[in-house]
Every structure is written in structure tokens, then in C-alpha cells.
Amino acid sequence: MATALPPIDYVGYESEHQLAGMMSLIENDLSEPYSIYTYRYFLHQWPKLSFLAMDKEKCIGVIVCRLDRHGTKSNRGYIAMLAVSKEYRKRKIGSTLVQMAIEAMKTAGADEIVLETEYTNQSAIALYQQMGFIKDKRLFRYYLNGVDAFRLKLFCRTESSVPQ
């Protein structure tokens with residue numbers, strides 16, 4: 001008989017009391033180092049576009065995003081960071097966080113959403129492609145460790161839904 005897994009709670013970013021858990025998870029999971037100022041840049045400007053997955057008091061998943069003007073006619077959402085604790089993977093936590101972020105960015109007026117991921121990270125690429133993202137371009141030696149990235153893009157609005 002399988003044991004029931006504890007429920008995961010999904011919450012929006014509220015304040016800096018959540019920051020230490022977020023930073024710890026991201027630092028253990030992503031190859032890029034981020035300073036406290038990078039986190040604060042995203043979280044203070046776009047707090048409603050970041051979400052956490054919690055197992056009781058422990059942060060086990062996080063997504064950090066932004067939304068701003070791109071060019072003269074569109075609003076571009078950006079997924080800056082996504083991390084899920086290794087022992088909690090394969091439970092749809094990452095896809096749930098991404099879906100929450102997509103919905104929040106669409107509600108805020110995103111015309112498109114972009115992100116970068118290491119071109120070798122097949123599980124991340126598969127996750128995003130299942131959610132409708134397409135490979136936009138390959139970015140050579142994009143990361144500090146010299147690894148290439150793919151920019152992935154999700155179109156949120158059709159031409160007919162964009163005001164003239």
C-alpha cells in the first residue's frame with residue numbers, strides 16, 4: 001500500500017521573510033549565481049508574479065517572473081527563475097508553478113512570455129514545450145559557465161486580440 005504524500009501548498013510571494021528559503025533552493029538548483037539585489041529587483045517590482053510551493057514551512061519550489069514593455073506594442077513576461085527541490089520532482093510542482101505564473105502574467109496583460117534554459121536541460125525544455133512554448137533561438141555561450149541556452153517563447157495573444 002502506497003503512503004500518501006503530504007499536500008503541497010502554493011502561495012504568492014508576500015515579503016522578505018520568504019526570501020531565504022527561495023534563495024537557498026535556487027542556489028542549489030540553478031547554475032547561475034544571483035545576488036540578493038537580483039532577487040529584490042524582481043520581487044519588489046513584480047511581487048504578484050512570483051510563487052512558492054511549500055511543504056509545511058519548507059520552500060520546495062519557486063518561480064520568479066517579471067512583466068514589462070517590449071518594443072512599442074507588446075508586453076513581455078519573463079520567467080527568470082524556476083526551481084524545485086530534487087526530492088520533490090515528478091509531482092507536477094514545476095508545471096503548477098509555471099501555469100500559475102503564466103496565468104498571472106496573462107491577467108496582467110502579457111502578449112508573450114519568454115525564458116532561457118540550458119540547451120542540455122531536456123527535462124526543462126520538455127516541460128515548457130508541453131505548456132506551449134516554442135524554441136525561439138539558441139544563445140551561444142549564454143551562461144557564465146559557457147553553456148549555450150535556448151530562448152523559449154509562449155505567445156499569449158493572437159493578432160485579433162491586440163488593440164489597434
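Across residues 8–157, the end C-alpha atoms sit 31 Å apart, and the span is 30% helix and 35% strand. That stretch comes from the record: UniProt, in an unreviewed entry, lists residues 8–157 as "domain: N-acetyltransferase". Everything here rests on a predicted model.

Next up is the helix pair. Helix H1 (residues 19–29) and helix H2 (residues 36–45) have axes that come within 11 Å and cross at roughly 120°. The crossing of H1 past H2 is right-handed. On the H1 side, the contact is made by Leu19, Met22, Met23, Ile26 and Glu27, while H2 brings Ile36, Tyr39, Arg40 and Leu43. Sorted by class, the residues of this H1–H2 contact come out as 7 nonpolar and 2 charged, with no polar ones.

The largest pocket holds about 1,100 Å³. It is lined by 36 residues, and those closest to its centre are Leu82, Asn121, Ala124, Leu127 and Tyr128. Of the contributors, E4 gives the most, with 7 residues.

Terms used. Residues are numbered from 1 along each chain as its sequence is written. This is a predicted model: local features need pLDDT of at least 70, side-chain atom pairs count only at pLDDT 80 or more; totals for chains, interfaces and linings use all residues. Side-chain values use heavy atoms; hydrogens and water are left out. On a 1 Å grid over the protein atoms alone, a cavity is a set of points where a 1.4 Å probe fits but cannot get out, and a pocket is an open set with protein on both sides within 12 Å along at least five of seven lines; lining residues have an atom within 4 Å of a point. Grid points are joined across faces, edges and corners, and a volume is the space filled by probe spheres set on the points. Helices (H or I, at least four residues) and strands (E, at least two) are DSSP runs, numbered from the N terminus. UniProt positions are given in the numbering used here, feature names are shortened, and annotations may be inferred rather than shown by experiment. Axes are lines fitted to C-alpha atoms, for helices over the stretch in contact, and angles run from 0 to 180 degrees between N-to-C directions. A crossing is left-handed if the near helix is turned anticlockwise from the far one by less than a right angle, and right-handed if clockwise. Contact means heavy atoms within 4.5 Å. Ala, Val, Leu, Ile, Met, Phe, Trp, Tyr, Cys and Pro count as nonpolar, Asp, Glu, Lys and Arg as charged, and the others, Gly among them, as polar.
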